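Student: Hello, I am new to this one. Could you pick a single part and take me through it closely?

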Amino acid sequence: MLNSLKHGKERENMMNLLNQRIIACRKCPRLVRYREEVAKKRRREFSDFEYWGKPVPGYGDFNARLVVVGLAPAAHGGNRTGRVFTGDSSAKFLVRHLNRAGFANQPISVSKDDGLRYFDCYVTAAVKCVPPENKPSPKETSNCMGFLAEEFRILENCKAVLALGKIAFDSFVTFARKYHHHGLKKGKLRFKHGARYILGEGLPVLYASYHPSPRNTNTGKLTDAMFSKILDKIKRDLDSLPWKQSLSQKED
Ligand code: SF4
């Protein structure tokens with residue numbers, strides 16, 4: 001069990017060490033094969049680009065109150081650029097909105113050196129390696145959950161989690177049940193766009209949104225107005241809810 005981390009610098013050091021372990025991970029043979037295969041084959045438009053082809057750690061403000069949890073890196077987004085939600089259509093949608101809501105310094109996320117900074121916001125994924133057809137197996141999701149748990153133990157200022165899509169939502173709920181079972185009741189947390197769940201003492205408030213994938217944003221399943229509404233609600237809540245506990249204060 002980690003003791004409460006008091007200083008931002010300590011959080012940064014802890015996260016850097018964790019990220020080194022994440023980047024070196026080869027625990028899921030299918031995902032290791034796939035991420036490397038995608039990096040080798042490349043998409044024609046990125047044929048000159050040297051793909052990252054490794055697990056993709058989270059990125060953002062280590063003191064953040066908002067943590068955004070996606071599903072996994074995109075084959076030609078995070079798996080190409082090496083930074084989560086960077087260089088693909090989902091990133092374009094998400095970061096434009098985070099910028100509008102004041103959580104990012106710029107509306108674009110195209111490469112590791114593009115100058116993007118998050119404020120009061122950390123962005124990560126439930127699974128750190130790109131899965132074939134964006135579908136990690138339950139075993140792969142479970143394999144990666146330890147990393148998610150370690151991230152949250154370092155992100156001790158977290159008060160709100162925005163889960164993007166059902167898999168990210170279910171992963172966070174499973175993680176919360178496994179590591180912070182206090183007050184969490186079975187069968188009550190169903191993914192629904194726009195839902196907000198107050199999970200209980202020691203846990204952040206959980207918000208759910210459809211994933212900003214092109215399939216959802218191009219078809220109107222997830223619109224700008226719908227996503228803005230959620231981020232605005234989170235902003236308002238962060239400023240007004242009586243937040244009492246941070247995630248890491250109730251470790252078993
Ligand atoms: S998905 Fe997670 S546990 Fe599996 S190889 Fe990638 S980093 Fe490791």
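Tutor: Happy to! Two residues are in contact if their C-beta atoms, placed from the backbone, lie within 7 Å. Of the contacts in this chain with a separation of 6 or more, 67% are between residues 24 or more positions apart. Please keep in mind that this is a predicted model, in which local features need pLDDT of at least 70 and side-chain atom pairs count only at pLDDT 80 or more, while totals for chains, interfaces and linings use all residues. Residues are numbered from 1 along each chain as its sequence is written.

Let's get our bearings. The chain has eight helices and six strands (DSSP runs numbered from the N terminus: helices are H or I with at least four residues, strands are E with at least two). Along the sequence they follow the pattern α-α-β-β-α-α-β-α-β-α-β-β-α-α.

Six strands form an open sheet with mixed pairing, in the order E1-E3-E2-E4-E6-E5 (two strands pair if DSSP finds at least two bridges between them). Strand E1 (59-60) and strand E5 (196-198) are at the edges; each has a single partner strand, so one side of each is left without a neighbour in the sheet.

Now move to strand E4 (residues 160-164). E4 runs parallel to strand E6 (residues 205-209), and five bridges join the two. Across this pairing, Val-161 stands opposite Leu-206 in E6.

Of the chain's 252 residues, 46% count as buried (20 or more other C-beta atoms within 10 Å of the residue's own, with C-beta atoms placed from the backbone; 12 or fewer is exposed, and in between is partly exposed). A nonpolar core is a set of buried Ala, Val, Leu, Ile, Met, Phe, Trp, Tyr and Cys residues joined through C-beta atoms within 7 Å. The largest one here has 70 residues, and those that touch the most other members are Val-69, Cys-121, Ala-126, Val-161, Leu-162, Ala-163 and Phe-172. Helix H6 (residues 166-179) gives the most to this core, with seven residues. In soluble globular proteins, nonpolar side chains tend to be buried together.

Finally, find Phe-172. Setting aside neighbours within four places in sequence, Phe-172 is in contact with Val-69, Val-161, Ala-163 and Leu-206. Among these are Val-161 and Leu-206, the residues that stand opposite each other in the sheet.
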